[in-house]
Amino acid sequence: MESYIFVGKSDRTNDAGYKFLKQTFPNKKVVQIPLFVSDDYQTNVLHLDCAFQPVGDEYAIFYPKGFLVRPDALLDCFKENNLIQVNQQQMIDMYPNIFSISKSKVVIEKSFIELKTQLLQKGFEVIEVNYGEISKMGGLLRCSTLPLKRKY
């Protein structure tokens, strides 16, 4: 997966952003993934982190209805049983928008009990924070940290 950069195409990320990333990272496979865009906040996917979030080396949090078409390039990187699927309400609550501190340690909103349980079962150390009020501004943990380059 380290050779890929996935870019969600929505109202917030467009072709210009995709082309910029492709030019900036010529040694990576930059893959544009069309997201489900709607005027209804309950179904609209603002950006890729709302529907997909890699966790560690082999897992991902995944909202299947967040994509216009099946994201094959993305799914090729993760085995089906390594996808932690979230439902529509969990997508609205921003379950995928967590922050990875390392390959085995994540920070999540403390109300994400189901997600915490699944992450613990997969061997992750989970740090809970009270961050729910931030989601009212249209973002959560990953949005507020903006990690562009990570080193573990």
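Predicted model: local features only at pLDDT ≥ 70, side-chain atom pairs only at ≥ 80, totals over all residues.

**Entry 1: the overall layout.** I began by reading along the sequence, where the chain follows the pattern β-α-β-β-β-α-β-α-β-β-α-β-α. That comes to five helices and eight strands. Helices (H or I, at least four residues) and strands (E, at least two) are DSSP runs, numbered from the N terminus.

Residues are numbered from 1 along each chain as its sequence is written, and side-chain values use heavy atoms, with hydrogens and water left out.

**Entry 2: whole-chain numbers.** I looked up burial next, and 39% of the 152 residues of the chain count as buried. Buried means under 20% relative accessible area, exposed over 50%, and partly exposed in between (1.4 Å probe, protein chains only). The chain exposes about 8900 Å², and carbon and sulfur atoms supply 50% of that area. Accessible areas come from the Shrake-Rupley method with a 1.4 Å probe; for residues, only the protein chains shown count as cover. Among contacts between residues at least 6 apart in sequence, 52% join residues at least 24 apart. Contact means heavy atoms within 4.5 Å.

**Entry 3: the start of the chain.** I found strand E1 (residues 4–9) and strand E2 (residues 29–34) paired in the parallel sense over six bridges. Two strands pair if DSSP finds at least two bridges between them. I checked two positions: Tyr4 has Lys29 in E2 as its bridge partner, and Val7 stands opposite Gln32 in E2. With helix H1 (residues 15–24) included, E1, H1 and E2 make a right-handed β-α-β unit. Right-handed here says that, with the strands pointing away from the viewer, the path from the first strand over the helix to the second runs clockwise.

**Entry 4: the E3-E4-E5 sheet.** Which strands sit at the edges of this sheet? The sheet is open, with three strands in the order E3-E4-E5 and mixed pairing. Strand E3 (52–55) and strand E5 (83–85) are the edge strands, each pairing on one side only. Neighbouring strands of this sheet are turned by 20° against each other on average, direction ignored. For that angle, axes are lines fitted to C-alpha atoms (for helices, over the stretch in contact), and angles run from 0 to 180 degrees between N-to-C directions. E3 pairs with strand E4 (residues 59–62) in the antiparallel sense over four bridges, and Val55 stands opposite Tyr59 in E4.

**Entry 5: the E6-E7-E8 sheet.** I then found an open sheet of three strands in the order E6-E7-E8, again with mixed pairing. Its edge strands are strand E6 (99–100) and strand E8 (125–129). E7 and E8 pair in the parallel sense over five bridges, and Glu109 stands opposite Val129 in E8.

**Entry 6: the core.** The largest nonpolar core has 32 residues, and those with the most contacts inside it include Phe52, Val55, Phe67 and Leu115. Such a core is a set of buried Ala, Val, Leu, Ile, Met, Phe, Trp, Tyr and Cys residues joined through side-chain atoms within 4.5 Å. Among the elements that each supply at least two residues are E2, helix H2 (72–75), strand E7 (105–109) and helix H4 (113–121). The largest share, four residues, comes from E4.

I followed two of its members. Leaving aside neighbours within four places in sequence, Val55 is in contact with residues including Ile61, Val106, Leu119 and Phe124. Leu115 has its place in helix H4 and counts as buried because its relative accessible area is 2%.

**Entry 7: two loop residues.** Is Asn82 buried or exposed? Asn82 lies in the loop between H2 and E5, and it counts as buried because its relative accessibility is 8%. Not counting residues up to four places away in sequence, Asn82 touches Glu58, Tyr59 and Ala60.

Met94 is found in the loop between helix H3 (88–92) and E6, and it is buried, with a relative accessible area of 10%. Its phi is near 75°, a positive value in a residue other than glycine. For background, most residues other than glycine have a negative phi.
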